[in-house]
Amino acid sequence: MDYEGAAAGGKIHDLERELLLIECQEAHVEGNERVAIAAKAVEALKQASDSPFEVYAAAALACYNAGIDTRDQQHFAHAVTIGRQIIERFESPVQRAEGHHFAGIALPRAESAAQRKHWETALQLLESAEESEYVVRLKAKIANSLAEQLSSGSDLERSMAKRLFETSIELKERPEIRDEAGLAISHGGLGRLALFATKPDHVTARKHFAENLRLSEKLGSATGQTKMHSLLAAVDVAEKQLVNAKQHYRAAFRLAPEEVDKIFSLSGLVVVHSL
């Protein structure tokens, strides 16, 4: 085993690298010390630019998570940079697709064209990739990211978004994957497409919102439950089921983890009472 230090050998010490990967994973899952771990990962890559793909991917995710937690654009910028470094440094189509995925999700929405190009390129790279659990999970995530963006576009783009959400759900429902958090997001996306279509489909919207709510309750996601209760209330209002709408808005208010969600649900209640 090579025990040379980073300065001497230009590589992260094997044990230090493994520790960093563990810390990145723990920060991702548990949500603790994400900013500190992101800074540590960025510094590790500066000290050892010839690090393996696993370190680059862990660092990109750490920076993205830090950005989500703090809304500090510097963290997102680091994630974009690392994603692009993955694209440039690694030859594997799957690894490069992961680089495009990270670059896409970390870019600001104002750069939607660049986001879309990253995700479309990633899906193209994965078309010929040998299927594995890793590849299936990556395809599902990228399909969902692209679908979310296309959902606010033209009728053609919204149609594409619907197919991508459906593809993402199909992949996430596989027994070896069963990504329930991801399934909830995709069902929510399909519900919104149905509710806000030129000709709203309330039956379809309700079905997908109810499934998202079921999954959110199972996962213990207060944010997911809050949003779905509010959206189910919107369906109820459209169908003039005002008693049900009030119940959903009250549930959303009770569960809301953020002040903005409480205000939204309370505003909904006020509107329903005025009808």
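Visitor: Among contacts in the protein between residues at least 6 apart in sequence, what percentage join residues at least 24 apart?
Guide: The model is predicted, so local features need pLDDT of at least 70 and side-chain atom pairs pLDDT 80 or more, while totals for chains, interfaces and linings use all residues. Residues are numbered from 1 along each chain as its sequence is written, and side-chain values use heavy atoms, with hydrogens and water left out. Contact means heavy atoms within 4.5 Å. Among contacts between residues at least 6 apart in sequence, the share joining residues at least 24 apart is 52%.

Visitor: How many helices and strands does the protein have?
Guide: Helices (H or I, at least four residues) and strands (E, at least two) are DSSP runs, numbered from the N terminus. From that terminus on, the elements run α-α-α-α-α-α-α-α-α-α-α-α-α-α. The secondary structure therefore comes to 14 helices and zero strands.

Visitor: What percentage of the 275 residues is buried?
Guide: Buried means under 20% relative accessible area, exposed over 50%, and partly exposed in between (1.4 Å probe, protein chains only). Of the 275 residues in the protein, the buried ones make up 44%.

Visitor: What span should helix H8 have, and what separates its end C-alpha atoms?
Guide: The expected span of a helix is 1.5 Å times one less than its number of residues. Helix H8 covers residues 133-150, and its 18 residues should span 26 Å. The end C-alpha atoms agree with this, being apart by 26 Å.

Visitor: Which helices do the buried residues of H8 pack against?
Guide: The buried residues of H8 include Val 135, Leu 138, Ile 142, Ser 145 and Gln 149. Their packing partners are helix H6 (93-106), helix H7 (112-127), helix H9 (155-172) and helix H10 (180-195).

Visitor: Which residues does Ser 145 touch, not counting residues up to four places away in sequence?
Guide: Ser 145 has its place in helix H8. Its relative accessibility is 16%, so Ser 145 counts as buried. Beyond four places in sequence, Ser 145 touches His 101, Ile 105 and Trp 119.

Visitor: Is Gln 149 buried or exposed?
Guide: Gln 149 lies in helix H8. Leaving aside neighbours within four places in sequence, Gln 149 is in contact with Ser 112, Gln 115, Arg 116 and Trp 119. At 19% relative accessibility, Gln 149 counts as buried.

Visitor: Is the crossing of H8 and H9 left-handed or right-handed?
Guide: Axes are lines fitted to C-alpha atoms, for helices over the stretch in contact, with angles from 0 to 180 degrees between N-to-C directions. The axes of H8 and H9 come within 8 Å and cross at roughly 155°, which makes H8 roughly antiparallel to H9 (under 35 degrees is roughly parallel, over 145 roughly antiparallel, 65 to 115 roughly perpendicular and the rest oblique). A crossing is left-handed if the near helix is turned anticlockwise from the far one by less than a right angle, and right-handed if clockwise. The crossing of H8 and H9 is left-handed.

Visitor: Is H4 roughly parallel or roughly antiparallel to H5?
Guide: The axes of helix H4 (residues 53-70) and helix H5 (residues 73-89) come within 7 Å and cross at roughly 160°. That makes the relation of H4 to H5 roughly antiparallel.

Visitor: What separation do the C-alpha atoms of Ser 132 and Glu 176 have?
Guide: Ser 132 is in the loop between H7 and H8 and is partly exposed, with a relative accessible area of 33%. Along the chain, Ser 132 and Glu 176 are 44 residues apart, yet their C-alpha atoms are separated by 9.9 Å.
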